[in-house]
Amino acid sequence: MSAQPDHAPVPPAPPAPAAAAQLLAQLRADNRARTWVPAFEQDWARALEDSRHSYSLSPLHDVVRTWQARIAAAPAVEAFLAGGCDDSDGVDLADVLGTRP
């Protein structure tokens, strides 16, 4: 009997080919563009370098998924902070999304 599961988890579907460009355009139009665009570009450059060494697009897909999640969560975060709630017990996004292998 094998100790391995008999099925492998299904990996998430890769983002669309133009997803990174669309995401960057969305970030540039956002009111947080001054801080978010350089952060995205830094993450993208690091993932691009990782992809060059690993011959895998997974690091680039991870950056797109992470930033899509940040943009999707931004309105809820703003509403939470605007409500005057205590955010000192926050959770790091990396803990929620997991880390890259």
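This is a predicted model: local features need pLDDT of at least 70, side-chain atom pairs count only at pLDDT 80 or more; totals for chains, interfaces and linings use all residues.

**Exercise 1.** Work out whether the end-to-end distance of helix 3 agrees or disagrees with its number of residues.

*Solution.* Begin with the count: helix 3 covers residues 58-82, which is 25 residues. At 1.5 Å a residue, the helix should span 36 Å. Now compare the C-alpha atoms at its ends, which are 36 Å apart, so the two values agree. Along the way, look for a kink of about 40° at Ala74, shortly before Pro75. After the helix comes Gly84, with a positive phi near 75°.

**Exercise 2.** Find how helix 1 and helix 2 are oriented, and which residues meet.

*Solution.* Start with the geometry: the helices pack at an angle of about 155°, and their axes are 8 Å apart. That angle makes helix 1 roughly antiparallel to helix 2, because angles over 145 degrees count as such. Next, list the partners: Ala20, Leu23, Leu24, Leu27 and Arg28 of helix 1 meet residues of helix 2 including Trp36, Phe40 and Trp44. Finally, sort the contact by class: nine residues are nonpolar, two are charged and none is polar.

**Exercise 3.** Decide whether Ser51 is buried or exposed, and name its contacts.

*Solution.* First place Ser51: it belongs to helix 2. Its relative accessibility is 8%, so Ser51 counts as buried, the cut-off being under 20%. Then set aside neighbours within four places in sequence; Ser51 is in contact with Ser56, Leu57, Pro59 and Leu60. Pro59 and Leu60 are themselves among the buried residues of helix 3, and those buried residues pack against helix 1 and helix 2.

How values were computed:
Residues are numbered from 1 along each chain as its sequence is written. Side-chain values use heavy atoms; hydrogens and water are left out. Helices (H or I, at least four residues) and strands (E, at least two) are DSSP runs, numbered from the N terminus. The expected span of a helix is 1.5 Å times one less than its number of residues. The bend at a residue is the angle between axes fitted to the seven residues ending there and the seven starting there. Buried means under 20% relative accessible area, exposed over 50%, partly exposed in between (1.4 Å probe, protein chains only). Contact means heavy atoms within 4.5 Å. Axes are lines fitted to C-alpha atoms, for helices over the stretch in contact, and angles run from 0 to 180 degrees between N-to-C directions. Angles under 35 degrees count as roughly parallel, over 145 as roughly antiparallel, 65 to 115 as roughly perpendicular and the rest as oblique. Ala, Val, Leu, Ile, Met, Phe, Trp, Tyr, Cys and Pro count as nonpolar, Asp, Glu, Lys and Arg as charged, and the others, Gly among them, as polar.
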